[in-house]
Amino acid sequence: MTTYPALGLVDAIAARLAHPGTASPCPYEHRQHLAYGPPGIALLYIELAANGLGPWQCAHDWLAAASRQPLTSGPDSYPFYGAPAIAHAMASAADYLPASYESALTTLDRQIVVDVERRLDAAHQRLGAGCLPQLAEYDTIRGLAGYGAYLLRRDPDSRTTRAILNYCVRLTEPITHRRETLPGWWTQTGPSGNPDDRFPGGHANNGMAHGIGGVLALLALAARSGTLVEGHHAALRTILAWLDRWREETGHGPTWPYWITQTELRSGRLAPSVPRRPSWCYGTTGLARAQQLAALALGDTRRQIDAENALVAALSDPEQLRATTDNGLCHGFAGLAHVAARTADDAHPSTSGQLRAAIPALLTAIHPADTDPERTATGLIQNDQRGPGLLDGAAGIALALLAPDTAVRPQTAWDACLLIA
C-alpha cells in the first residue's frame, strides 16, 4: 500500500483490525467509547479511506459495530462515550459520504443539543450558587469543552455552540470560596475527579484532557473560525496569564505543571518535581499547541513563537523524553509526533523547520527502521493494557503516524476531539 517506513506499521495495524469480527472482542464497557472502542478504531479506517489508502467498507463495518447496541445518551453519555462519541466518528465519515450518515447525524445532533443544554443549565446554577466545578463539568473528555469541540465542527454559529463559549468565558472569572479567591476552574477534588487526600483544598488542573488547557484550545479554535462571544479575547488572555504565572524554566526550555495545588497557589511557588512527560493530555506538548492557537487567534506573534519554541525544546529534552514511556496518542510518542506536525502546520517560518525536524526521531521511537512491522502491530494490538483503541492503542498510533510521515495534513477532522485542530 505504501512505501514510507512508519507507514509499514500503519499498514500492518490496519490489516489486523480491518474487520470487527476478527479483532479481539471489545469489553462491553468500551463498546461506545471513543478512547478505547469501535468509534475510535473507525476513525483509522475513515482517515485511510479519505486518503485513498483503504476501502470505505472497513469504516462502515466499524461504525456499524459501534452503533450495534442502543446508543447511550443523557447523563450517562459524554463527549468520549455514547452518542457524542459515535457522532464524532460519523461526522468524520460524513464529510466524504454525507448521504450515508447525515440522517443518523441529524438525530444524534438533536440529542446532543438536549444533553448540552441540560449540562449548561446545571453549570450556570452551580456558578450562581458560588460553588466550585467538577472537572467533568468542563473538560475535554467528559465535559463541555469536549461538546464544544464537536459542535464547533457541526454547527459553529449555533445558539448552543455560542452558549458553550459563553460558559467557558464565565468559567475564567475568579470565584470566592471560603473567603479565598480562586480561579473559576478550581475543583475540590484530585485530578481523578474524586476526593484525594494528596490534594487538600483541591487543585487547578492545567491539562488538555481534564483541565483549563482544553478550554483555552476551544476558545482559540472558535475565535480562529470566526465564532466569537462577549468577553472571548479577555478569557483567552486570562488563561494565558495563568499559564504565564506558572511557567517554569528548566534549562531546556519552559514547562508547565500538570496542576496547581492549594499550597502552591497560596505560596506562589511550585513544589519541586521530577521531569514530566511532555504529553498531549498533560504537559508541554498539549499546552504549547493550545497557547500557539490562542496566540494565532489574538494576533500575538511573539507569544506564538514562544509557544512553538517551547514545543521544540520539549521534543529535544532528553529528560522529558525519558519520562515518555509508551507509544500512544494520549501520552506517548505518537501523540508527540502528531501534535508537533499539527503545530508545524501553523508555525511561524522561524520555527516550523525545527518542529518538523523533531518528528523523525519520534517516529523512530515508535517504529525503529529495523523492526518488523507485522510483529510490532501484533504486539500493540494484543497488549492487554493498551489494546487496539484510539487514545492509548494501535489505532491511535496508526492515525498519528499517517500524517507526520507523509507530511500531508489529515484529510478528516478525526483529531478535532483532541482540540488541537
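Helices H2 and H4 are roughly parallel to each other, where angles under 35 degrees count as roughly parallel, over 145 as roughly antiparallel, 65 to 115 as roughly perpendicular and the rest as oblique. The axes of H2 (residues 38-50) and H4 (residues 83-94) cross at roughly 5° and come within 9 Å; such axes are lines fitted to C-alpha atoms, for helices over the stretch in contact, and angles run from 0 to 180 degrees between N-to-C directions. Helices (H or I, at least four residues) and strands (E, at least two) are DSSP runs, numbered from the N terminus. On the H2 side Pro39, Leu43 and Ile46 meet Ala85, Ile86, His88, Ala89, Ser92 and Ala93 of H4, contact meaning heavy atoms within 4.5 Å. By class, this contact of H2 with H4 has seven nonpolar, two polar and no charged residues, with Ala, Val, Leu, Ile, Met, Phe, Trp, Tyr, Cys and Pro counted as nonpolar, Asp, Glu, Lys and Arg as charged, and the others, Gly among them, as polar.

The model is predicted, and local features need pLDDT of at least 70, side-chain atom pairs count only at pLDDT 80 or more, while totals for chains, interfaces and linings use all residues. Residues are numbered from 1 along each chain as its sequence is written, and side-chain values use heavy atoms, with hydrogens and water left out.

The contact involves, among others, Phe333, Leu336 and Ala340 of H15 and Leu355, Ile359 and Leu362 of H16, and its residues divide into 13 nonpolar, two polar and two charged.

Turning to the whole protein, there are 18 helices and six strands. The radius of gyration is 20 Å, close to the 22 Å that the globule rule gives for 421 residues, so the protein is as compact as a globular protein of that length; this radius is taken over C-alpha atoms, and the rule is 2.2 Å times the number of residues to the power 0.38. The C-alpha trace spans about 60 × 50 × 40 Å along its principal axes. Of the 421 residues, 59% count as buried, a term that means under 20% relative accessible area, with exposed over 50% and partly exposed in between (1.4 Å probe, protein chains only). Of the contacts with a separation of 6 or more, 70% are accounted for by residues 24 or more positions apart.

Several single residues can now be placed. Gln320, in helix H14 (residues 318-322), is buried, with a relative accessible area of 4%. Not counting residues up to four places away in sequence, Gln320 touches Thr255, Arg276, Arg277, Pro278, Thr284 and Ala314. Ser192, found in the loop between strand S2 (180-182) and strand S3 (203-205), is partly exposed at a relative accessible area of 46%.

Most residues other than glycine have a negative phi. Arg178, however, has a positive phi of about 55° although it is not a glycine, and Arg178 lies in the loop between strand S1 (175-177) and S2, where it counts as exposed at 69% relative accessibility. Leu419 also has a positive phi, near 60°; Leu419 lies in the segment after helix H18 (394-406) and counts as buried at 1% relative accessibility.
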